[in-house]
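Okay, everyone, thanks for coming.

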Amino acid sequence: MNGEHLNDSSVSVSEEAMRAQKEFEERMAARTEERVQSIHDRHTQIRQKYEMEGDIDTPSFLSSFNQMTCQIESHLSSTLSSTTENEEILNKCTNILDDMRLQLSKAITFLPPYETKQCQHKIDTIESNITEKRNILLPKKKFSFARKTKQNSNIDSSSAPSSATSSTPSSSSSSSSSSSSSSSSSSSS
């Protein structure tokens, strides 16, 4: 009888554990469903807000986004000879690109993920095109130090080093470097 009591208690413990596990899974499923529903409701509210304002919806966003893309491409294809005009065109393109980024950040809440990635890819491509065009049309000036003018113009030639002494150290250093390179080549063999 003692053995039967042990079996009954182990069965009831396992049934209790299974019941508790099932209750836990049901609570978690309900909780997950509530979260998904709240996210969906929040996105719906945002979508309705933008539609009420007439500001943005997917088709109108994509059409305005494509119009801005065409504007930038037409500006980039028209290069002028004047650097100031080129700079103005490139600045316009940069401003339009900034507007595109702003609109995309607003539209992310209702755009499908695929469309979001495509728009981001277009923005990145346009940005690289603008940078490339800017480097071609408006190259940066190379930096160089300005030569200092000599204040003492009457330097006597005896204080200047002779050409024979200045060539000797360089020839000795070149011979030492050639001997070190020949020794390193022999050691690697």
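So, H2 and H4 cross in a left-handed way, meaning the near helix is turned anticlockwise from the far one by less than a right angle; clockwise would be right-handed. Helices here are DSSP runs of H or I, at least four residues, numbered from the N terminus.

Quick housekeeping: this is a predicted model, where local features need pLDDT of at least 70, side-chain atom pairs need 80 or more, and totals for chains, interfaces and linings use all residues. Numbering starts from 1 along each chain as its sequence is written, and side-chain values use heavy atoms, without hydrogens or water.

Back to that pair. On the H2 side (residues 58–77), the contact, meaning heavy atoms within 4.5 Å, includes Phe61, Phe65 and Ile72; H4 brings in Cys119, Ile123 and Ile126, among others. By class that's 9 nonpolar, 3 polar and 3 charged residues, with Ala, Val, Leu, Ile, Met, Phe, Trp, Tyr, Cys and Pro as nonpolar, Asp, Glu, Lys and Arg as charged, and the others, Gly among them, as polar.

Now H3, residues 83–107: the crossing of H3 and H4 is left-handed too. Among the residues touching there are Leu90, Leu97 and Leu104 of H3, plus Ile123 and Ile130 of H4. The tally for H3 with H4 is 10 nonpolar, 5 polar and 4 charged.

Where is confidence lowest? In H5, residues 163–188, with a mean pLDDT (the predictor's confidence in each residue, 0 to 100) of 44, while H4, residues 113–137, is highest at 89.

Notes: Helix = DSSP H or I, 4+ residues; strand = E, 2+ residues; numbered from the N terminus.
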